[in-house]
Amino acid sequence: TQTVDPFEVSIQIGRLGVMTDQAGDALSVLAPIRESADNDPESVAGASEDLFQQLNYVLFRYNMLQIQACDEGWLVGEDCKGSYMPSWVKKDKTMQPDLADIQKWGWDLQERVVALRSVICDRAKEATGDDYFCAVE
């Protein structure tokens, strides 16, 4: 059994949060932001220190960005079939999964976040003329 480093998982989940925030920034360049109390990180699990709650917030943010990108026509087809609700989303948020599971779920979500971010950020780069728009590091 391989030991999972909590710091490494924290960095992974943090990067996903940065990428979804960047995709949101890119959408704000391309289309007006829809204001909603649900987008306030303080009103959802994103404000928590807990990695599982942070991962759930990233999933929530991803789904909100996906819906807006589909509505605006920047994503089409299979990408717009509905919100992503993986099996690891649990109704009982008090249950604490282990760190290895959180890391695995983060990698799964990362594939979707990276794909969404790429589409949206590429369009925003064209719109702004800024090749560094959405640069992570």
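1. E78 is exposed, and K81 is exposed as well, where exposed stands for over 50% relative accessible area, buried for under 20%, and partly exposed for what lies in between (1.4 Å probe, protein chains only). The side chains of E78 and K81 meet in a salt bridge, at 3.9 Å from N to O; the term salt bridge is used for a side-chain nitrogen of Lys or Arg within 4 Å of a carboxyl oxygen of Asp or Glu.

2. A word on the basis of this note: this is a predicted model, in which local features need pLDDT of at least 70 and side-chain atom pairs count only at pLDDT 80 or more, while totals for chains, interfaces and linings use all residues. Residues are numbered from 1 along each chain as its sequence is written, and side-chain values use heavy atoms, with hydrogens and water left out.

3. A search of the whole structure finds 3 salt bridges. One of them joins D21 to R61, whose closest N and O atoms are 3.9 Å apart, and this pair links distant parts of the chain, since D21 is in helix α1 (residues 6–30) and R61 is in helix α2, 40 residues apart. Helices (H or I, at least four residues) and strands (E, at least two) are DSSP runs, numbered from the N terminus. D21 has 37% relative accessibility and therefore counts as partly exposed, whereas R61 is buried, with a relative accessible area of 16%.

4. D101 forms a salt bridge with K104, and here the closest N and O atoms are 3.9 Å apart. Both residues lie in helix α3, 3 residues apart, which is about one turn of the helix. D101 counts as partly exposed, because its relative accessibility is 26%.

5. How many aromatic pairs does a search of the whole structure find? The search finds 4, where rings of Phe, Tyr and Trp (its six-membered ring) pair if their centres lie within 6.5 Å, and planes under 30 degrees apart count as stacked, over 60 as edge-to-face and the rest as tilted. The pair of F52 and W88 is edge-to-face, because the ring centres are 6.3 Å apart and the planes stand at 65 degrees. This pair links distant parts of the chain, with F52 in helix α2 (residues 51–72) and W88 in the loop between α2 and α3 (99–128), 36 residues apart.

6. W88 also forms an aromatic pair with W105, and this one is stacked, at 5.6 Å centre to centre and 15 degrees between the planes. Here too distant parts of the chain are linked, W88 being in the loop between α2 and α3 and W105 in helix α3, 17 residues apart. W88 is buried, with a relative accessible area of 3%, and W105 counts as buried at 10% relative accessibility.

7. Leaving aside its neighbours within four places in sequence, I102 is in contact (heavy atoms within 4.5 Å) with V9, I13, L51, F52, L55 and P97.
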